[in-house]
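Please consider the structure shown below.

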Amino acid sequence: MSDHVVPHFHNDSGVAVIEIGSQEFMCVGANPPFDHPHVFLDLGNDSEVICPYCSTLYRFAADLGAGQSRPPECVVRDKAA
């Protein structure tokens with residue numbers, strides 16, 4: 001997993017729904033340099049939320065761990081040197 005304290009997710013593949021195991025997270029839209037402003041989203045008592053920038057639908061999935069997603073390639077990973 002990346003070193004982010006708050007998990008970051010992207011939608012480079014353009015999927016309709018990203019299932020996540022986190023209640024609070026950041027959406028970056030696409031991987032840099034094609035990202036939008038990184039927006040903090042909080043599900044609160046809801047099970048899904050739509051990013052106001054890229055319209056990606058995020059849905060909470062209790063079977064996933066914090067910082068995990070389905071599809072798994074939607075997790076933003078830090079680039080190691």
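The questions and answers that follow concern a predicted model, and each answer sets a value against the rule behind a label.

Q: Why is the pair of Phe-9 and Phe-25 called edge-to-face?
A: The ring centres of Phe-9 and Phe-25 are 5.7 Å apart, and rings count as a pair if their centres lie within 6.5 Å. The angle between the two planes is 70°. Planes over 60 degrees apart count as edge-to-face, so the pair receives that name. The count under this rule comes to 3 aromatic pairs.

Q: What makes the pair of Phe-9 and Phe-25 a tie between separate parts of the sequence?
A: Phe-9 belongs to strand β1 (residues 8-9), while Phe-25 belongs to strand β3 (residues 24-27). These parts are 16 residues apart in sequence, so the pair ties them together. Both Phe-9 and Phe-25 are buried.

Q: Why is the pair of Phe-9 and Tyr-58 called tilted?
A: The planes of Phe-9 and Tyr-58 stand at 50° to each other, with 6.3 Å from centre to centre. A pair is stacked under 30 degrees and edge-to-face over 60, and the rest count as tilted; therefore the name tilted applies. This pair links distant parts of the chain, with Phe-9 in strand β1 and Tyr-58 in strand β6 (residues 57-60), 49 residues apart. Ring pairs link Phe-9, Phe-25 and Tyr-58 into a cluster.

Q: How do you know whether Phe-9 and Tyr-58 are buried or exposed?
A: Buried means under 20% relative accessible area. Phe-9 has 0% relative accessibility, so Phe-9 counts as buried. Tyr-58 also has 0%, and therefore counts as buried.

Q: What makes β1 and β4 edge strands of their sheet?
A: The open sheet has 3 strands in the order β1-β3-β4, with mixed pairing. β1 and β4 (39-42) each have a single partner strand, so one side of each is left without a neighbour in the sheet.

Q: How do you know that β1 pairs with β3?
A: Two strands pair if there are at least two bridges between them. There are 2 bridges joining β1 to β3, and these strands run parallel. His-8 has Met-26 in β3 as its bridge partner.

Q: Why is Val-17 called partly exposed?
A: The relative accessible area of Val-17 is 25%. Buried means under 20% and exposed means over 50%, so a value in between is called partly exposed. Val-17 has its place in strand β2 (residues 17-20). Beyond residues up to four places away in sequence, Val-17 touches Leu-57, Arg-59, Arg-70 and Pro-71.

Terms used: Residues are numbered from 1 along each chain as its sequence is written. This is a predicted model: local features need pLDDT of at least 70, side-chain atom pairs count only at pLDDT 80 or more; totals for chains, interfaces and linings use all residues. Side-chain values use heavy atoms; hydrogens and water are left out. Rings of Phe, Tyr and Trp (its six-membered ring) pair if their centres lie within 6.5 Å; planes under 30 degrees apart count as stacked, over 60 as edge-to-face and the rest as tilted. Helices (H or I, at least four residues) and strands (E, at least two) are DSSP runs, numbered from the N terminus. Buried means under 20% relative accessible area, exposed over 50%, partly exposed in between (1.4 Å probe, protein chains only). Contact means heavy atoms within 4.5 Å.
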